[in-house]
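Reader: Please take me through one part of this model closely: the packing of helices towards the end of the chain. Keep it brisk, and give the cut-offs as you go.

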Amino acid sequence: LFFLVVISFVVSFISSFRYGYTFYDRFLLTSISDIRTVFSRYEQIENALDMGFVSPFGVGLGNYYDTLITQRGVYYAYIRSNSKSTAYQYVHNNFAGIIAESGYISFLLYLMLMGKFFLMDRKIFQGVDRYKKAFVISFWLLFFFGLFNPPIPGSYQVLFWGIRGLLM
């Protein structure tokens, strides 16, 4: 714990000296750009929820970004008109991304799968295998990372599902 505190002060000092702000400032939302990124994530989630209503299967895997920026095709009519102000990136949320690209039916299946994983992981934590416990913690940390960052890169997906496969 002492080591983490020392590291955080060193990083804060370097960040303040080199860039003019610290990671504390990011959490306190002292800059307009910090506030803008928070609101753009809300807009991304709203757009993703709207895209999920386009069809029972969403707009298709990998098509969130394309549907958002092209402003063409059948799907765009269902997206809110304020989507032009949204950051042109993939949605920064596991759940919203699945809803947009795969639809609400797939989202329910995903929730059931995550519930099953949760129940399996509870049993792992009652056991004594420390390696499996470490994999469980890694899996859920990656899951929570995907709630605030785009879970799109292949490295994220391979690591996320690879860890889950190791736990089977």
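Author: Start with contacts between residues at least 6 apart in sequence: in the protein chain, 61% of them join residues at least 24 apart. Contact here means heavy atoms within 4.5 Å. This is a predicted model, in which local features need pLDDT of at least 70 and side-chain atom pairs count only at pLDDT 80 or more, while totals for chains, interfaces and linings use all residues. Residues are numbered from 1 along each chain as its sequence is written, and side-chain values use heavy atoms, with hydrogens and water left out.

The protein chain has 7 helices and 0 strands. Along the sequence the pattern reads α-α-α-α-α-α-α. Helices (H or I, at least four residues) and strands (E, at least two) are DSSP runs, numbered from the N terminus. Of the 168 residues in the protein chain, 33% are buried. Buried means under 20% relative accessible area, exposed means over 50%, and partly exposed lies in between (1.4 Å probe, protein chains only).

Now the helix pairs. Two packed helices are described by the angle between their axes and the distance between the axes. Axes are lines fitted to C-alpha atoms, for helices over the stretch in contact, and angles run from 0 to 180 degrees between N-to-C directions.

Take α5 (residues 94–126) and α6 (residues 130–145). They pack at about 155 degrees, with axes 12 Å apart. These two helices are therefore roughly antiparallel. The angle classes are: under 35 degrees, roughly parallel; over 145, roughly antiparallel; 65 to 115, roughly perpendicular; the rest, oblique. The α5–α6 crossing is left-handed. A crossing is left-handed if the near helix is turned anticlockwise from the far one by less than a right angle, and right-handed if clockwise. From α5, the contact is made by N94, F95, Y110, M114, F117, F118, D121, I124 and F125; from α6, by K132, K133, V136, I137, F139, W140 and F143. By class, that is 12 nonpolar, 1 polar and 3 charged residues. Ala, Val, Leu, Ile, Met, Phe, Trp, Tyr, Cys and Pro count as nonpolar; Asp, Glu, Lys and Arg as charged; the others, Gly among them, as polar.

Next, α6 with α7. Their angle is about 145 degrees, and their axes lie 9 Å apart. This crossing is left-handed. On the α6 side stand F135, S138, F139, W140, L142, F143 and F145; they meet Y156, L159, F160, I163, R164 and L166 of α7. The contact of α6 with α7 divides into 11 nonpolar residues, 1 polar and 1 charged.

Then α5 with α7. The axes come within 13 Å and cross at roughly 30 degrees. That angle makes α5 roughly parallel to α7. The crossing of α5 and α7 is left-handed. N94, Y110, L113, M114, F117, M120 and D121 of α5 touch Y156, F160, W161 and R164 of α7. The α5–α7 contact has 8 nonpolar residues, 1 polar and 2 charged.

Look at the charges. Side chains of opposite charge can pair when their charged atoms come close. A salt bridge is a side-chain nitrogen of Lys or Arg within 4 Å of a carboxyl oxygen of Asp or Glu. By this rule the count is 1 salt bridge. D121 and R164 form a salt bridge, at 2.8 Å from N to O. It links distant parts of the chain, 43 residues apart: D121 sits in α5 and R164 in α7 (residues 154–166). D121 is buried, at 3% relative accessible area. R164 is buried, at 2%.

F117 is in α5. At 4% relative accessibility, F117 counts as buried. Not counting residues up to four places away in sequence, F117 touches F139, W140, W161, R164 and M168. F117 and R164 are 47 residues apart along the chain, yet their C-alpha atoms are separated by 8.4 Å.

Finish at M168, in the segment after α7. At 57% relative accessibility, M168 counts as exposed. Leaving aside neighbours within four places in sequence, M168 contacts F117 and M120. M168 and M120 are 48 residues apart in sequence and 9.1 Å apart in space, C-alpha to C-alpha.
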